[in-house]
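Colleague: Hi! Could you walk me through this one?

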2 protein chains.
Amino acid sequence: MGITELFNQKLRVINLGVPLFAADLAQQGHAVTELDWNPPGGGDPRLLAALEKLEKVKDKVDAANRQVFLAITIAQPFLEGIARAGDVIPGMGERTLLHAGPPVAWKDMCGPMRGAVLGAIIYEGWAGNPAEAEKLAGSGEIAYSPCHEHDSVGPMAGVVSTSMPVFIIYNRVHGNYAYCTINEGLGRVLRYGAYRQEVLERLKWIEGELAPALQQALALSGGIDLRGLIAQALHMGDEGHNRNKAGTSLLFRLLAPYLARTELERDVIGRCLAFINSNDHFFLNLSMPAAKACLDAAGDVPYSTMVTVMSRNGSEFGIRVSGTGKRWFTAPANQVNGLYFPGYSAKDANPDIGDSAITETAGIGGFAMAAAPAIVQFVGGSAPDALEYSKLMYNITYGENSAYTIPALDFRGSPTGIDVRKVIELGILPNINTGIAHKDPGIGQVGAGLVKPPRQCFEAALLALAGTVDILD
Amino acid sequence: MGITELFNQKLRVINLGVPLFAADLAQQGHAVTELDWNPPGGGDPRLLAALEKLEKVKDKVDAANRQVFLAITIAQPFLEGIARAGDVIPGMGERTLLHAGPPVAWKDMCGPMRGAVLGAIIYEGWAGNPAEAEKLAGSGEIAYSPCHEHDSVGPMAGVVSTSMPVFIIYNRVHGNYAYCTINEGLGRVLRYGAYRQEVLERLKWIEGELAPALQQALALSGGIDLRGLIAQALHMGDEGHNRNKAGTSLLFRLLAPYLARTELERDVIGRCLAFINSNDHFFLNLSMPAAKACLDAAGDVPYSTMVTVMSRNGSEFGIRVSGTGKRWFTAPANQVNGLYFPGYSAKDANPDIGDSAITETAGIGGFAMAAAPAIVQFVGGSAPDALEYSKLMYNITYGENSAYTIPALDFRGSPTGIDVRKVIELGILPNINTGIAHKDPGIGQVGAGLVKPPRQCFEAALLALAGTVDILD
């Protein structure tokens, strides 16, 4: 067909890129379809140069990413026991508090994290009341450090102090450990920045009664295969981040017979079982360190463009990438788009917070939302949206998880292993399901929803990765 | 467009009804689409006349069906306790054996039902070995009666004898009871016709240890809301018939803390919990009588064309319809189309058997398959098929269940209340998920799959319903 012939026909135009052309044609009465497309890296020459540099060593990058993907997906995280944080978490001094997200100083901490810090200080007996605790918190006597820098993860504020009991997760394939506190339940809890007497009393009960009881049950169990539990839970409507009802139920079924066989008083067993049964999020504090144990086995692989950590301290969002090891790439955290509990609204919300995005980093959570259509009642949207969120994530991930399959996608493996190159090339950001904390300390959870990381984290990581090529090659 | 103009064009034909026309046109080189359509009632003049007769009293039929639908969907079945079958099931003499499906004499029973009868006779001590039991079974001294005629349901062979413990389900809205034995677990079990020593020993353990223990726990619970559990399980990948993993887990979570608080020895508690935990079908024997309790509240409503029972004795399929009360409409049972366990094939299979189709009758099971995409690994087909099965059932049901919603269908209520008129008009038969028993006694389960009832049951029911109009009007 000649060009003259073409323009003598009625034009039907697909426009991509600059919207101005589409607008002009539409004004002249032509049918125009605007394609949702952006140039790679938003057309930023620095990002394009970085992508090009990585493209030149594509074989090395692909091999490194394959190694990382395999490490993540063949890892076998087992729940092996429970111990005092200070006794097992590496590099944790007696006056250290771990927290969620990238590094942050006391003065820069958001409200809920400050609340959790005050609570932890009183819980440890380092101060007798909130006023004293606040003074101590900023005195320089307390060391603050990210959970992620100590083989650990913590939901929301993620504050861990030395006396707190933590789950011990052991990756039986790669031999590394991960740690996480025991989930406190719903309502006013430390992880959402609440620190009243009832919150601290519950933590003391967890330390004094629940943790020792569970430790006895776990000793009888010989270890619990968390990968197996998560795989089953994804067939039962969980996604492993904001919906953990099935995981909690399956864990409960495994623990209860062992608990019953311990030498514990029956009142103790009854209280422990009732506590776990009362909280469908109990399993979150196991799906998170399970993901951490898989991802830590995949850190520090030169040339790899795969994300190994996504995490938020309530002020900043931070990521780490395998090829740049322990370096953080941070940017201000976004607000969560979600549903609020009665009496609360977006103006009460703290920005995105917590280490729980480790689940998405490992291919579950928001990435496996298609497995959990019922979650939209909690985070918003419709059931078909849940399918679409998962499908979109296949575009920015290395591959399909052999351990975790999604029935509604006809048992396709969950999209796993975020590739920074793909995020920048396609302009598609990871999808994260999350809870929403009140911005003021001492209040707690006010809702749940969906959030995206800031693009800048991925841009900075890409530039740094390109920088490593100069050194390595 | 004139008729001449039409036939001067290239024809694209949609043929509906007699396929001969389509074949002729196709032979002449025209594009023909054959529509999957049949005339109402397959064009049978007797069925058309019956439909017409019911159409004349449409207002009365619709009002009756509305009453039935409401009864089914507002019923509140609670698990209230456990008792000896002979002590609670109405009309059960000491030498009565209840069985699944419509009435059947010993000589006409299929292999697995005969096996279960022999097992029950030995279990009761009425005979010492299979040979003696077989002699007694056909002697006339044993009375056989369908579970459904005694407010009861039984999976597969469904054999209930007087000493067996049964769950007591009470419908708190309508005040009626339903009963079912305790699920024995997987492998060689009485309900699949196995009757070896190990099978009978397990039944004796259930009678002597498990049932009394659970009764103590249930007494502490104050009753368990089965409708609530089923509603949650449908959001967790169960459909309540062939997938009961979530229901079993949720029930376990409720029972365990109560069990721990009883005065039972801890070994007993441990064994009971381990037994329930070992069997993801444990909840089936509660989803079934829960459905029965709802449907029995909807029986005997004059003019109603709604199905209140679908059930099979392994030889015949039987249905009951509200407007014709306790009358059975039977026809030979179909073979199940499914997946077989290693070493077995279709030639080993008994025809469709069990009272478990009561779940589909109440709007769950095969009707709620869209809630349970993972089930296709057990019964065959693909995840999209599971969605389509549920969607198809909306065509033959009265309405959407307000208690039971399906996340993957964006929380649409499950299709509930089969209308015999719609089944005949549209030629769409109910979809049933089911297990497959070996055809010989003493072996057990060999697979699972999908099955349809014979059309004749619905045809006979429709004719009988039309007959009641003559009497009533």
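**Chains A and B**

Colleague: How many salt bridges are there across the interface of chain B and chain A?

Modeller: The rule finds two there, a salt bridge being a side-chain nitrogen of Lys or Arg within 4 Å of a carboxyl oxygen of Asp or Glu. In one of the pairs that meet in a salt bridge, R253(B) joins D280(A), at 2.7 Å from N to O. This is a predicted model, where local features need pLDDT of at least 70, side-chain atom pairs count only at pLDDT 80 or more, and totals for chains, interfaces and linings use all residues. Residues are numbered from 1 along each chain as its sequence is written, chains are lettered from A in the order in which they are written, and side-chain values use heavy atoms, without hydrogens and water.

Colleague: Thanks! What area is buried between chain B and chain A?

Modeller: About 3100 Å², with 57% from carbon and sulfur atoms; that is the accessible area (1.4 Å probe) lost on putting the two parts together, summed over both. On the chain B side, M236(B), R253(B) and R266(B) supply 25% of what is buried against chain A, more than any other three residues.

Colleague: New topic: why is α12(B) described as largely enclosed?

Modeller: Twelve of its 13 residues are buried, so the rest of the structure largely encloses α12(B). Buried means under 20% relative accessible area with a 1.4 Å probe, protein chains only, and helices are DSSP runs of H or I with at least four residues, numbered from the N terminus.

Colleague: Which residues are those buried ones in α12(B)?

Modeller: Among them are L284(B), M288(B), K292(B) and L295(B).

Terms used: Buried < 20%, exposed > 50% of the residue type's maximum accessible area, 1.4 Å probe, protein only. Helix = DSSP H or I, 4+ residues; strand = E, 2+ residues; numbered from the N terminus.
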